[in-house]
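Hi everyone, thanks for coming. Today I'd like to walk you through one protein, from the whole fold down to a few single residues.

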Amino acid sequence: MPDISRVEDSSVPEPYRSLLVHQRDMTPTVAAAYQRSVHLRVLKHTLRDNVFSRQIVLVLEGDEKPVVFGAIKIYLERFPAEARRLVEAMEQPLGTILQTQGIIHTSRPEAYIRVTADALINAALKRSGSTALFGRRNVLWSAAHEPLAQVVEILPL
């Protein structure tokens, strides 16, 4: 496990703060920041008891630059059939699926974190060393106030 510590939102430095401290989905946020679409690269996944867990990297279209490392649990029983099929296909980020499928939801960060990158994070983000990175723990909630997904998002700025 990497060294992780919780930080207050006011202690998240720029440019991380602009990309993390908000109640929006990460996929459209990084796409807007980089002015390019992003796509999904799945590193590892499991399906157990209707919970789809995966480690992912969001990369920029064109140069494949990693912009987010994430670990996510997706509660499939709370998704319509087509959205569930798209999640299981592992071709699109969850944020894209939520948007294109018109799934009403809210994004509510629970914590902001400082992470010392370990070998797994460095490999995923194409970095080296024990750099300090920032991220957040976030929950996506359905309109019925049920969790759709829990996610940890780490940025490689």
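I'll start with the overall build, go on to the inside, and finish with some backbone details.

First, a word on where this comes from: it is a predicted model, so local features need pLDDT of at least 70 and side-chain atom pairs count only at pLDDT 80 or more, while totals for chains, interfaces and linings use all residues. Residues are numbered from 1 along each chain as its sequence is written, and side-chain values use heavy atoms, with hydrogens and water left out.

So, how many helices and strands does the protein have? There are five helices and seven strands; these are DSSP runs numbered from the N terminus, with helices being H or I of at least four residues and strands being E of at least two. Starting at the N terminus, the order is β-α-α-β-β-β-α-α-β-α-β-β. The radius of gyration is 15 Å, close to the 15 Å from the globule rule for 157 residues, so the protein is as compact as a globular protein of that length. That radius is taken over C-alpha atoms, and the rule is 2.2 Å times the number of residues to the power 0.38.

Now let's look inside. Buried residues make up 44% of the 157 residues. Here buried means under 20% relative accessible area, exposed means over 50%, and partly exposed is in between, using a 1.4 Å probe and protein chains only. The largest nonpolar core has 28 residues, and Leu20 and Ile121 have the most contacts inside it. A nonpolar core, by the way, is a set of buried Ala, Val, Leu, Ile, Met, Phe, Trp, Tyr and Cys residues joined through side-chain atoms within 4.5 Å. Strand β3, residues 51-60, gives this core its largest share, five residues. Apart from it lies another core of 16 residues, including Phe79 and Val151.

Which residues does Ile121 touch, leaving out those up to four places away in sequence? They are Pro2, Phe69, Val115, Leu133 and Ile154. Across the protein, among contacts with a separation of 6 or more, 56% join residues 24 or more positions apart; contact means heavy atoms within 4.5 Å.

Back to strand β3 for a moment, where we find Arg54. Is Arg54 buried or exposed? Arg54 is buried, because its relative accessible area is 4%.

Next comes helix α2, residues 26-34, whose buried residues are Met26, Thr27, Thr29, Val30 and Ala31. Ala32 belongs to this helix too, but Ala32 is exposed, with a relative accessible area of 56%. Ala32 and Gly95 are 63 residues apart in sequence and 13 Å apart in space, C-alpha to C-alpha.

Finally, the backbone. Just after α2, Gln35 has a positive phi of about 55°. Gln35 sits in the loop between α2 and β2 and is exposed at 72% relative accessibility. Lys126 also has a positive phi of about 55° although it is not a glycine. Its place is the loop between α5 and β6, and Lys126 is exposed, at 58% relative accessible area. One last stop: the peptide bond from Glu14 to Pro15 is cis, with omega near 5°, and Pro15 is in the loop between β1 and α1.
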